[in-house]
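Thanks for making time this morning.

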Amino acid sequence: DVHVMKDVTLGFGQALDKCRQESDLTEEKMEEFFHFWRDDFKFEHRELGCAIQCMSNHFNLLTDSSRMHHDNTEQFIQSFPNGEVLARQMVSLIHGCEKQFDHEDDHCWRILHVAECFKQACVQHGVAPSMEMMMTEFIMEAE
Ligand code: BOM
């Protein structure tokens, strides 16, 4: 549900700082990773796709062809509290999105499109966390 997605996003977002430099994702293009869930967030910077690729690699979530590694991704999600309620659903939503953009050869652009598609799918399935929820938790974790 939405709380699990919040936790997974914040966990995944831990790799952002490590990936900023190699992907050229400046704070102007994305301040914090949880902004991903803002209603008005724009998926327009290729650098964000590169950063998500780097972050996914950090957690060993991609195959050699930079597609989602299904088993590792399922285990990653299951490592969060109640993760098992969302793991299979998330993997299947991401995979559905991958199939839509498989023709895109540029990994950074393809992953950016997959990420946007994944967010839309989460909104449609009612598992997208609210921005208020994300910010509250983010501030609590920083304190
Ligand atoms: O084909 C490459 C697949 C790349 C997956 C991109 C999925 C979108 C990730 C952005 C949001 C992340 C929130 C939680 C992490 C899930 C693993």
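Predicted model: local features only at pLDDT ≥ 70, side-chain atom pairs only at ≥ 80, totals over all residues.

Helix α4, residues 70-78, and helix α5, residues 87-100, have axes that come within 9 Å and cross at roughly 135°, where axes are lines fitted to C-alpha atoms, for helices over the stretch in contact, and angles run from 0 to 180 degrees between N-to-C directions. Helices here are DSSP runs of H or I with at least four residues, numbered from the N terminus. The two, α4 and α5, are therefore oblique to each other, given that angles under 35 degrees count as roughly parallel, over 145 as roughly antiparallel, 65 to 115 as roughly perpendicular and the rest as oblique. The crossing of α4 past α5 is right-handed, meaning that the near helix is turned clockwise from the far one by less than a right angle.

On the α4 side the residues are His-70, Thr-73, Glu-74, Ile-77 and Gln-78, and they meet Ala-87, Arg-88, Met-90, Val-91 and His-95 in α5, contact meaning heavy atoms within 4.5 Å. By class, this contact of α4 with α5 divides into 4 nonpolar, 4 polar and 2 charged residues, with Ala, Val, Leu, Ile, Met, Phe, Trp, Tyr, Cys and Pro counted as nonpolar, Asp, Glu, Lys and Arg as charged, and the others, Gly among them, as polar.

Residues are numbered from 1 along each chain as its sequence is written, and side-chain values use heavy atoms, with hydrogens and water left out. The mean pLDDT of the chain is 97, and 100% of its residues reach 70 or more, pLDDT being the predictor's confidence in each residue, from 0 to 100. For the complex, the predictor gives an ipTM of 0.92 and a pTM of 0.96.

Moving along from α5, Phe-101 sits in the loop between α5 and α6, the latter being 107-124. Leaving aside residues up to four places away in sequence, Phe-101 touches Arg-110, His-113, Val-114 and Cys-117. The C-alpha atoms of Phe-101 and Val-114 are separated by 6.9 Å, although the two residues are 13 apart along the chain.

Helix α6 also packs against α3, at an angle of about 90° and with the axes 7 Å apart, and α3 and α6 are therefore roughly perpendicular to each other. From α3 the contact draws on Arg-46, Leu-48, Gly-49, Cys-50, Ile-52 and Gln-53, and from α6 on His-107, Cys-108, Trp-109, Ile-111, Leu-112 and Ala-115. The classes in this contact of α3 with α6 are 8 nonpolar, 3 polar and 1 charged.

What, then, links Cys-19 and Cys-54? They form a disulfide, with their sulfur atoms 2.0 Å apart, the criterion being a pair of cysteine sulfur atoms within 2.5 Å. Cys-19 lies in helix α2, residues 16-23, and Cys-54 in helix α3, residues 46-58, so the pair ties together parts that are 35 residues apart in sequence. With -80° about the S-S bond, the link of Cys-19 and Cys-54 is left-handed, and the structure holds 3 disulfides.
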